[in-house]
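Please open the model in your viewer and keep the selection tool at hand. This tour moves from one selection to the next and says what can be found at each stop.

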Amino acid sequence: MPWIVGVSGASGTPYAAAVLRALLAAGERVDLVVSRASRLTLLDETQIAFRDGHWQQDLREWLSRGADGKPGTFDVDIERVRYWNAGDLAAGPSSGSYRTKGMLIVPASTACVAGVALGLSKDLLQRAASVTLKERRPLVVAVRETPLNGQTLRHLVALDDAGALVVPASPAFYAGATHIQDLVDFVAGRVLDAAGVPHRLYRRWAGELGGGAPSE
């Protein structure tokens, strides 16, 4: 069974790329949903135009880039990815009878958070998230916004009450980050931790002060 990965329009496409690479590296299958708004963000942050007719080529180019935008940083096999158009409400993930392991929304915009919390199902991403909740499957929401107003906070509490795990895209520094990719990988790793997917994206806290300091 696959994991559904939904990419919404919030800034933070490198987080989504890191999660996708790690899922594939762990041998997982992925059902990918890229919202219309996220295509604009992806174009702005990477200069990659994500096109339905060329999604494999565009996805491969996207995932090969590091968080600094440098092409060819990663070599990724996307054979286990199935892509669904965000406007296709008849797609597999729109039904509870379509079996999945759960769903990760990364990054999650406040508009996406509101849509899922209110059950709007205005596109496949929101519908798949609603299905994930009603089927009691894991839903991880990596919200990427600051500051958060009261309305968004109430929506996040509603998602938590419904069984979702809310993972703010907040990188930590105790793991010895020396590059922007390290900070991105930390957030991606915490998303995967919440989903129970094994990875080696960051150095875990071991109870030793200074354990994450870069070696000289």
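Before the first stop, a word on residue classes: Ala, Val, Leu, Ile, Met, Phe, Trp, Tyr, Cys and Pro count as nonpolar, Asp, Glu, Lys and Arg count as charged, and the others, Gly among them, count as polar. Please also keep in mind that what you see is a predicted model.

**First stop: the cavity.** Select Ile4, Pro93, Ser95, Tyr98, Thr100, Ala128, Val131, Thr132 and Arg137, which together line the largest cavity. A search of the whole structure finds 1 cavity of 30 Å³ or more, and the space in the largest cavity comes to about 30 Å³. Sorted by class, its lining consists of 5 nonpolar, 3 polar and 1 charged residues. If you now colour helix α5, residues 124-134, you will have marked the element that gives the largest share of this lining, namely 3 residues.

**Second stop: the sheet.** Next, show the strands, 6 of which form an open sheet with parallel pairing, in the order β3-β2-β1-β4-β5-β6. At its edges lie β3 (81-85) and β6 (165-166), each of which pairs on one side only.

Select β1, residues 3-7, and ask how many of its residues are buried. The count is 5 of the 5, so the strand is largely enclosed by the rest of the structure. In a regular strand the side chains alternate between the two faces of the sheet. Here both faces are covered, with Trp3, Val5 and Val7 buried on one side and Ile4 and Gly6 buried on the other.

**Last stop: helix α2.** Finally, select helix α2, residues 36-46, which packs on the sheet, touching β1, β2 and β3, with its direction at about 85° to that of β2. Within this helix, pick out Arg39, and, leaving aside residues up to four places away in sequence, look for its contacts with Val34, Phe50, Arg51, Asp52, Tyr83 and Asn85. Arg39 and Arg51 are 12 residues apart along the chain, and their C-alpha atoms are separated by 8.6 Å.

Conventions:
Residues numbered from 1 in each chain as written. Predicted model: local features only at pLDDT ≥ 70, side-chain atom pairs only at ≥ 80, totals over all residues. Heavy atoms only, no water. 1 Å grid on protein atoms, 1.4 Å probe; cavity = no way out; pocket = protein on both sides within 12 Å on 5 of 7 lines; lining within 4 Å. Points joined across faces, edges and corners; volume = space filled by probe spheres on them. Helix = DSSP H or I, 4+ residues; strand = E, 2+ residues; numbered from the N terminus. Pairing = 2+ DSSP bridges. Contact = heavy atoms within 4.5 Å. Axes fitted to C-alpha atoms, helices over the stretch in contact; angles between N-to-C directions. Buried < 20%, exposed > 50% of the residue type's maximum accessible area, 1.4 Å probe, protein only.
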